[in-house]
Amino acid sequence: MKSYEPVNAGRKWFKELVSKIVFLVLGRAFQSAAKFDPLIRREVAEWREGFVLVMRVLPSGPVMVMEKSGGLIRHKGSKLPDSADVTINFKNIECAFLVLTPQMGAAQAFAENRLSVAGDLMYAMAFTRCLNVLLTYLYPLSFITKRLLKRIPPMDFLKFGRIIYIYCLGIPFGL
């Protein structure tokens, strides 16, 4: 009988690279938007000091860590902490790629078991509400946000200014 060596699956480097970039953009945009958006600021204010949120791709994919310190939420990069209050795990890189590139909303991904949440669900729901607001800043074009959100808030001049701030200062410099 002929035996075969096991074949290891190759890494999907392009999808991992895109996921890393989206995690970086998402973390910095969240950090920036939490300073001036009233809804995100109100949600973050209820989180305890030292709160840690982790988004990661299983089994060993990209990671995003955010922590509340000094009353502000901060993007801490991609180093996994010892413990986290809420961990959002994408099942694999394919699932993460669908959600992180706006092909599928987080609610649909959760309903299809493409991601799981570990930790306090109250914080996870608060993060989801913040993420919905943040998506309207990151994807101001309505044809993209229609695929991700049930309701799109109206665009006004103040919100347009926030979008410009996030894209010009928030994402590149984390301000």
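# Exercises: strands, a kinked helix and a pocket

Strand 1 and strand 4 (residues 86-90) run parallel to each other and are paired over five bridges. Keep in mind that this is a predicted model. Grab the structure and let's work through it.

## Exercise 1: The partners of strand 1

**Task.** Find which strands pair with strand 1, and in what sense each pair runs.

**Solution.** 

Step 1. Start with strand 4: the pairing with strand 1 is parallel and has five bridges. To see it residue by residue, look at Arg 56, whose bridge partner in strand 4 is Asn 89. Then go to Val 57, which has Phe 90 of strand 4 as its bridge partner.

Step 2. Now try strand 2 (residues 63-69), which is joined to strand 1 by five bridges and runs antiparallel to it. Val 52 sits opposite Glu 67 of strand 2, and Val 54 has Val 65 as its bridge partner there.

Step 3. Check how the chain gets from strand 1 to strand 2: the two make a hairpin, with five residues between them.

## Exercise 2: Buried or exposed?

**Task.** Decide how well covered strand 1, strand 2 and strand 4 are.

**Solution.** 

Step 1. Strand 1 (residues 52-57) is mostly covered, with five of six residues buried.

Step 2. In strand 2, five of the seven residues are buried, so the rest of the structure largely encloses it. Ser 69 belongs to this strand and is partly exposed, because its relative accessible area is 22% while buried means under 20%. Ser 69 touches Glu 49 and Arg 74, leaving out residues up to four places away in sequence. Its C-alpha is also 9.0 Å from that of Arg 48, 21 residues apart along the chain.

Step 3. In strand 4, five of the five residues are buried, so this strand too is largely enclosed by the rest of the structure.

## Exercise 3: Helix 7 and what comes after

**Task.** Describe helix 7 (residues 157-173): how far does it reach, where is its kink, and what does it pack against?

**Solution.** 

Step 1. Helix 7 has 17 residues and spans 23 Å from first C-alpha to last, close to the expected 24 Å.

Step 2. Find the kink: it is about 40° and is centred on Ile 166.

Step 3. List the buried residues of helix 7: Lys 159, Arg 162, Ile 163, Ile 166, Gly 170 and Ile 171. They pack against helix 1 (13-36), helix 2 (38-45) and helix 5 (121-138).

Step 4. Step off the end of helix 7 and you meet Gly 174, with a positive phi near 70°. Gly 174 is touched by Gln 31, a residue of helix 1. Gln 31 counts as buried because its relative accessibility is 11%. Ile 73, Arg 74 and His 75 are also among the residues that Gln 31 touches.

## Exercise 4: The largest pocket

**Task.** Find how much space lies in the largest pocket, and which element gives the largest share of its lining.

**Solution.** 

Step 1. The largest pocket holds about 1,100 Å³ of space.

Step 2. It is lined by 41 residues, and those closest to its centre are Ala 106, Thr 128, Leu 131, Asn 132 and Leu 135.

Step 3. Elements that give two or more residues to this lining include helix 1, strand 4, helix 3 (93-100) and strand 5 (115-119). The largest share, twelve residues, comes from helix 5.

Definitions and conventions:
Residues are numbered from 1 along each chain as its sequence is written. This is a predicted model: local features need pLDDT of at least 70, side-chain atom pairs count only at pLDDT 80 or more; totals for chains, interfaces and linings use all residues. Side-chain values use heavy atoms; hydrogens and water are left out. Helices (H or I, at least four residues) and strands (E, at least two) are DSSP runs, numbered from the N terminus. The expected span of a helix is 1.5 Å times one less than its number of residues. The bend at a residue is the angle between axes fitted to the seven residues ending there and the seven starting there. Buried means under 20% relative accessible area, exposed over 50%, partly exposed in between (1.4 Å probe, protein chains only). Contact means heavy atoms within 4.5 Å. Two strands pair if DSSP finds at least two bridges between them. On a 1 Å grid over the protein atoms alone, a cavity is a set of points where a 1.4 Å probe fits but cannot get out, and a pocket is an open set with protein on both sides within 12 Å along at least five of seven lines; lining residues have an atom within 4 Å of a point. Grid points are joined across faces, edges and corners, and a volume is the space filled by probe spheres set on the points.
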